[in-house]
Amino acid sequence: IDGKSRDMTAAAAQNARRIGIECLVCLGGGGTQKNALHIQQKGGLPVVTLPKTIDNDVAGTDVTFGYDTALGITTEAIDRLHTTASSHHRMIVCELMGHNAGWLALGAGIAGGADVILIPEIPYDLKCVAEHLLERRRAGKRFSIIALAEGALARAVKRPRARAPGNDSAIAPAAESLASRLARQLQQLANMEVRVTSLGHVQRGGTPSPADRLLYSQLGAKAAELIAHGKFNVMAGIRGGVSVAVSLEKVAGRIKQVPPDHDWIKTARRLGISLGDAAG
């Protein structure tokens, strides 16, 4: 309004009450959980949330719905890349979603048989990655596949700051993608032909897997039960296979990343998969 942003949360909550909305049910990832808490705190409107994101990075729940479906899609994509990589003796960098958490790249990388997995939680050393690929070639391996989370970072490299919106003169040409830059650097270091595949939003579509259908049915039923009993301002999450209510204050603004001692990390290392660090 007049070129300025205004918080209309109170007005939105008032309109919701006026048309008879007694509780707002919000499905989504970290941003949704944070905004739902804001609506409750600033607008006084009761809310119940469900965790829905392919990144699987919502705190307070073991898993989010959407993750299993995306995991199946990305695993199949890596499976399919093996054909071209093997027949043409190439390295292929497959860029997957995961800006702050590497659950998708790690899970699909292990399940799909990737040779290198790079995730945000473990800053990678480019030389370690190149050496791993060269060692594979010396061992007679004719190809390699790198599963790259979009938020993975090389060591000693900082994330560029985003420019402030509203200033067209500050808009720079599109920067080289992380996957493209990694492919170019590896091609120089390992002297092998490298190709890039970015799945993009293909990961977010498709038919939900049976596991996801069961999960969102379970959480949806739990949310309905919470509302029926007047228990608001919580997220319906899953812990140990059991649906539970988690306070939104323990969820909003938090990111569930892959722990360094997670068994999937240990599994990858045991399988000889490089995670881009000296340990792998």
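Biologist: At about what angle to strand 4 does helix 5 (residues 126-138) run?

Modeller: This is a predicted model, in which local features need pLDDT of at least 70 and side-chain atom pairs count only at pLDDT 80 or more, whereas totals for chains, interfaces and linings use all residues. Residues are numbered from 1 along each chain as its sequence is written, and side-chain values use heavy atoms, with hydrogens and water left out. Helices (H or I, at least four residues) and strands (E, at least two) are DSSP runs numbered from the N terminus, while angles run from 0 to 180 degrees between N-to-C directions of axes fitted to C-alpha atoms, for helices over the stretch in contact (heavy atoms within 4.5 Å). Helix 5 lies across strand 3, strand 4 and strand 5, and its angle to strand 4 is about 165°.

Biologist: Which strands stand at the edges of the sheet?

Modeller: The open sheet has 4 strands in the order 4-5-3-6, with parallel pairing (at least two DSSP bridges between two strands). Each edge strand has a single partner, so one side is left without a neighbour in the sheet; these are strand 4 (116-118) and strand 6 (194-198).

Biologist: Which residue stands opposite L118?

Modeller: Strand 4 runs parallel to strand 5 (residues 144-149), joined by 3 bridges. Within strand 5, the residue opposite L118 is L148.

Biologist: Is C26 buried or exposed?

Modeller: The structure holds 0 disulfides (cysteine sulfur pairs within 2.5 Å). The cysteine sulfur nearest to C26 is that of C23, 8.1 Å away. Since buried means under 20% relative accessible area, exposed over 50% and partly exposed in between (1.4 Å probe, protein chains only), C26, at 13%, counts as buried.
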